[in-house]
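I opened my notebook to look at one protein chain, a few residues at a time. Here is what I looked up, in the order I went.

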Amino acid sequence: LMKLIVYTTQIIADSGNQCVRDLIQNCKITKSIPMMIKAMNSKHKVQRIRCMEYFLLFLETYSANELAKYKDRLQPCIIKGLTDADTHVREASRRAFCCFENHYPERSTVMRRA
């Protein structure tokens, strides 16, 4: 599905995006977080934008306990998104940071200093 979101045919990309969103919201698929973290290193800006939007969706949908296993890996990913060259990635990262701050206030203070 991650390959579909950067597909050049818009209907396929949108369908893949909606499918990933539905999976995040309706199924407990936290095991996909490492794959999305890896996808943040992509040269495709659309993929980086979508990954940050998915992180935001994870943070909005799941509790801090459900994401605790991945908080050490999400933190540098959000920081990287805040300094991305694309404005949409930075915007999604700022929203994800606010949700991350609600879940883990002690970690967000460290992120603010970085």
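Entry 1: I began with Phe100 and Tyr104, and both are buried (buried means under 20% relative accessible area, exposed over 50% and partly exposed in between, with a 1.4 Å probe and protein chains only). Before going on, I noted that this is a predicted model, in which local features need pLDDT of at least 70 and side-chain atom pairs count only at pLDDT 80 or more, while totals for chains, interfaces and linings use all residues. I also noted that residues are numbered from 1 along each chain as its sequence is written, and that side-chain values use heavy atoms, with hydrogens and water left out.

How many aromatic pairs are there? I found two, using this rule: rings of Phe, Tyr and Trp (its six-membered ring) pair if their centres lie within 6.5 Å, and planes under 30 degrees apart count as stacked, over 60 as edge-to-face and the rest as tilted. Phe58 and Tyr62 have ring centres 5.3 Å apart and planes at 35°, so this pair is tilted. Phe58 and Tyr62 are both buried. Phe100 and Tyr104 make a tilted pair too, with 5.1 Å from centre to centre and 55° between the planes.

**Entry 2: helix H1.** The expected span is 1.5 Å times one less than the number of residues. For the 17 residues of H1 that gives 24 Å, which agrees with the 24 Å between its end C-alpha atoms.

Which residues of H1 are buried? I listed Ala13, Gly16, Asn17, Val20 and Ile24. They lie on the same side of H1, because they cover an arc of only 100° around the axis (the arc is that of the directions from the helix axis to the C-beta atoms). I reminded myself that an α-helix has 3.6 residues a turn, so residues three or four places apart point the same way. On the other side of H1, I found Ile11 and Asn26 exposed. H2 and H3 are among what covers the buried residues of H1.

**Entry 3: the core.** I then turned to the largest nonpolar core, which has 30 residues (such a core is a set of buried Ala, Val, Leu, Ile, Met, Phe, Trp, Tyr and Cys residues joined through side-chain atoms within 4.5 Å). Ile24, Ile33, Met36, Met52, Phe55 and Ile78 touch the most other members. Helices H1, H2, H3, H5 and H6 each give two or more residues to this core, and H3 gives the most, with nine.

**Entry 4: Arg48 and Asp84.** Finally I looked at Arg48, which sits in helix H3 and is buried at 11% relative accessible area. Asp84 lies in the loop between helix H5 (71-82) and helix H6 (87-103), and Asp84 is buried as well, at 10%. What joins the side chains of Asp84 and Arg48? I found a polar contact of 2.8 Å (a pair of N or O atoms within 3.5 Å; within protein, one must be able to donate a hydrogen and the other to accept it, and residues adjacent in sequence count only if both atoms are side-chain atoms). The side chain of Arg48 also reaches the backbone oxygen of Ser42 at 3.1 Å.

Technical notes
Helices (H or I, at least four residues) and strands (E, at least two) are DSSP runs, numbered from the N terminus. Contact means heavy atoms within 4.5 Å.
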